[in-house]
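Visitor: I would like a close look at a single part of this model. Please keep to the local surroundings.

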Amino acid sequence: MNNKQLTIRDYETAIAPTWCPGCGNFSIWLAVRQALVKLNIRPHEVALSFDIGCNSNGANFIKGYICHALHGRAVPPAEAIRWANHKLKAVIAFNGDGGGFGIGLHHFIHACRRNVDILYLTHDNQIYGLTTGQTSPTSAKGFVTKSTPFGNLEEPINPSALALSSDATWVGRGFAGEVQHLTDLIIKGLKHPGFAHLNVLQPCVTFNKLNTFDWFKQRVYKLEETDYKPTDRKKAWEKANEPNKLPIGLFFEETKKTYKDQIPQLAQEALVEKKLGNVDLTQAMKEFK
Amino acid sequence: MTLGINWKICGPAGFGIMSVGRMFAKTCLRHGWQVFCYTEYPSLIRGGHNTYQVHANPKDVKSQKKNIEILIALNENTIVQNQGELTDGGAVIYDPEKIPNIPDKKPSLKYLEVPLNKISKEICGTDLMKNTVAMGASLGIYQGELEILNDLIKEEFASKKGKIIQQNIEAAKKGYEFVGQNSELITGKPKLTKIKAPERILITGNEAVSLGALAAGCKFYAAYPMTPATSILHFLAKQERNYDMVVKQAEDEIAVINMAIGASFAGARSLCATSGGGFALMNESLGFAAIAEIPLVVILSQRTAPATGLPTWTGQGDLWHAVHASHGEFLRVVVAPGDSEEAFWATVGAFNLADKYQIPVIILLDKYTSEGPHSVAIFDTAKVKIDRGRILTQTELDKIKDYKRYQFVADGISARTLPGMKGGTYQANSDEHDEYGYSTEEAEVRNKIMEKRMAKLPALAQELPDPKIYGDKNADKTIICWGSTKMPALEAMKELNNVQLVHLQYLLPFPVDFFTKNINPEKSIVIEGNQTGQLKQLIRQQTGINIQHSLLKYDGRPFYPEEIVEAINKLKSK
């Protein structure tokens with residue numbers, strides 16, 4: 001495989017995707033593989049952490065070292081995989097908007113402030129799909145679902161604004177309807193030294209009749225096509241909160257020391273490379289004598 | 001005159017009771033004596049009532065005793081709360097400046113004045129060094145070697161500037177000398193003479209599991225602070241750079257266990273620790289480690305529950321919690337070390353078992369073991385063996401055409417690969433899965449992989465040591481206990497005849513054969529720190545044997561040997 005040109009086929013598994021025809025997951029799946037191929041990262045050099053939901057069924061459709069964790073828990077294993085083996089070429093965590101901003105929300109905020117060197121990609125379709133259509137933390141106020149037949153009473157979370165206010169060092173937003181743009185964003189996020197959060201807007205063609213492809217098309221525009229510069233956190237926050245429109249692209253980036261950079265034990269060899277055995281406890285036992 | 005020292009110091013939180021207690025205990029240790037410490041403190045930072053009890057003797061100490069001979073009272077409350085623990089002829093040492101009137105004076109006790117505050121003030125201008133004076137006085141009572149205490153003071157205050165060390169040495173000397181001039185204080189007390197003994201350390205269960213983790217090559221530790229497990233975090237955080245590991249305080253126990261799982265998936269030996277409440281949060285993820293066959297060691301240090309319970313008190317109420325934790329059925333090891341020495345070796349063993357069988361291993365401690373220092377022989381790390389189980393090398397992997405992480409092998413233990421290895425990609429899946437790790441809902445595959453995971457049981461059960469029998473194997477009565485109750489039970493055994501003690505360290509997989517062969521239910525008593533007899537019921541569930549007698553306790557205190565002796569004598573007279 002080493003000499004052969006890497007293609008997205010190398011990232012395919014024996015399992016065919018089970019998503020609904022027209023699901024946004026297909027284009028995200030494609031964009032992730034394209035990005036990895038463009039960076040010439042081979043499947044065994046990447047660890048991918050998933051949770052539970054339609055998006056995370058994708059754990060079966062992509063090759064790599066895959067940690068298919070519990071609902072909402074993709075981030076903590078991904079962080080620790082990065083600390084245990086910082087030599088892996090990429091670590092990506094995937095959650096849906098339910099797992100990522102509902103049950104597992106706090107892991108997101110802490111990962112932001114930790115600046116762990118992972119890409120965190122959230123599939124945001126504003127609905128719970130796998131459980132057949134309930135309101136999600138990013139659903140619009142008033143949104144009617146099976147669990148909110150009289151309309152959602154809560155304001156939605158804005159994931160990118162939350163990442164910005166939690167000190168994330170790279171914050172982007174993509175759209176499943178713009179695959180090449182999304183691929184470029186994933187490449188940038190993977191190259192970023194530190195925590196990169198990429199929220200990907202996507203329709204759920206089966207259960208979300210409000211936020212459809214057309215609905216997104218009318219609102220989405222590319223930041224790169226404007227004179228916006230992703231260097232000011234305050235302006236980024238305003239952009240991420242822009243009313244009635246959905247800018248996609250890179251809101252903000254800055255370079256800071258990553259979590260790992262501050263740990264001298266990880267300066268050279270990875271934790272998994274450390275030799276075990278023949279530990280001398282003399283120093284540690286001194287205080288007990 | 002008794003052979004041993006039974007000494008206790010009490011006062012409000014913030015008075016430095018814990019550090020002075022441990023220093024006195026170490027002084028005994030450096031005389032070559034064996035030492036056992038028991039501490040009590042409330043869940044607050046200032047005020048309340050802290051106690052530190054030291055039982056020491058030249059050759060054989062297993063636990064604290066109910067009765068003490070010397071009580072250092074730093075406040076009046078100590079006299080009210082603790083003078084009842086003194087044996088007849090025992091003495092309360094107090095400062096009349098601090099306690100002008102003795103409440104409820106007992107004619108059977110001595111009340112001996114030592115001007116702790118006055119001596120301290122003469123040396124440093126404040127009462128700050130009253131603890132050190134008390135320590136010097138204590139040493140004087142037992143006529144120990146002041147030089148040993150001086151060395152400890154030098155080490156303890158090594159980082160302090162100025163006259164601190166010299167002043168503390170002076171304070172200890174003045175306390176020592178004051179007592180020496182008052183023969184009443186010394187009469188009838190054992191002499192703390194220096195004896196030749198093998199090198200020992202004074203160490204808590206938490207410190208012992210931490211050292212065990214270091215020796216076993218644990219490279220990742222995650223935790224969220226929770227009494228009584230917190231000192232593991234403190235110790236490992238302090239040592240992480242010396243021992244080339246990463247220690248992480250995470251946002252909650254759910255993150256903690258999932259980080260440990262992630263690091264282990266990547267190939268690092270990983271550990272996490274908590275108490276009952278945190279373990280409850282970890283429950284769901286324990287099943288993830290199990291279904292994905294990711295090795296994991298979790299320490300559960302019990303405190304008095306349910307809910308927040310008595311946060312700083314002990315108990316053995318979480319046996320079932322450990323045995324049944326998480327939904328669904330899966331193989332696990334539950335091990336409850338009985339003292340600091342067992343805690344060290346059980347931890348080393350836990351990493352090997354987790355790796356070898358690719359299962360979760362739960363180490364059950366409790367506040368009593370976790371925070372009670374006692375003397376143990378220095379750990380011989382030459383005896384530490386590391387068995388990482390079946391992890392393929394790249395060369396081995398290169399020879400495999402179609403790698404299946406969860407291959408259906410007869411003994412259930414399929415070979416792992418680690419991220420980064422070429423040709424070894426797979427999915428560690430929390431969904432039920434096939435041999436590759438792909439999700440499946442096929443009935444036949446589901447059965448086969450459940451059977452594969454459970455196929456590890458016979459070899460695992462075979463490998464675990466039987467419960468340990470102490471005392472006369474042909475004795476008429478049998479004490480059965482688990483975990484930390486071993487310590488007071490062994491102390492009680494010194495005063496019991498015709499009694500054997502069976503201590504269960506490995507509780508799951510349960511030693512069924514041992515029980516059916518060795519235990520007479522009519523003549524046995526289970527002693528455990530809970531309300532419903534969890535071990536008694538576990539024995540019945542696993543073996544059908546219904547042990548007839550129980551001694552239970554759930555007031556947050558450990559068993560005292562005296563209570564055990566009394567219960568056995570009552571049983572004998574039946």
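Visitor: Which strands and which helix of chain B do the buried residues of H18(B) pack against?

Guide: First, the conventions. This is a predicted model, in which local features need pLDDT of at least 70, side-chain atom pairs count only at pLDDT 80 or more, and totals for chains, interfaces and linings use all residues. Residues are numbered from 1 along each chain as its sequence is written, while chains are lettered from A and ligands numbered from 1 in the order in which they are written.

Helices (H or I, at least four residues) and strands (E, at least two) are DSSP runs, numbered from the N terminus. Helix H18 of chain B spans residues 486-493, and eight of its eight residues are buried (20 or more other C-beta atoms within 10 Å of the residue's own, C-beta atoms being placed from the backbone). Among them are B:Lys486 and B:Glu491. The buried residues pack against strands E16 (468-471), E17 (477-482), E18 (499-504) and E20 (524-528) and against helix H21 (561-572) of chain B; contact requires C-beta atoms within 7 Å.

An open, mixed sheet of five strands in chain B has the order E16-E18-E17-E20-E21, where pairing takes at least two DSSP bridges. E16 and E21 (549-552) of chain B each have a single partner strand, so one side of each lacks a neighbour in the sheet. Ignoring direction, neighbouring strands are turned by 25 degrees against each other on average. E16(B) and E18(B) run antiparallel, joined by four bridges; B:Ile469 has B:Val502 as its bridge partner in E18(B).

H18(B) lies across E16, E17, E18 and E20 of chain B, at about 165 degrees to E18(B) (axes are lines fitted to C-alpha atoms, for helices over the stretch in contact, and angles run from 0 to 180 degrees between N-to-C directions).

Methods: Buried ≥ 20, exposed ≤ 12 C-beta atoms within 10 Å, placed from the backbone. Contact = placed C-beta atoms within 7 Å.
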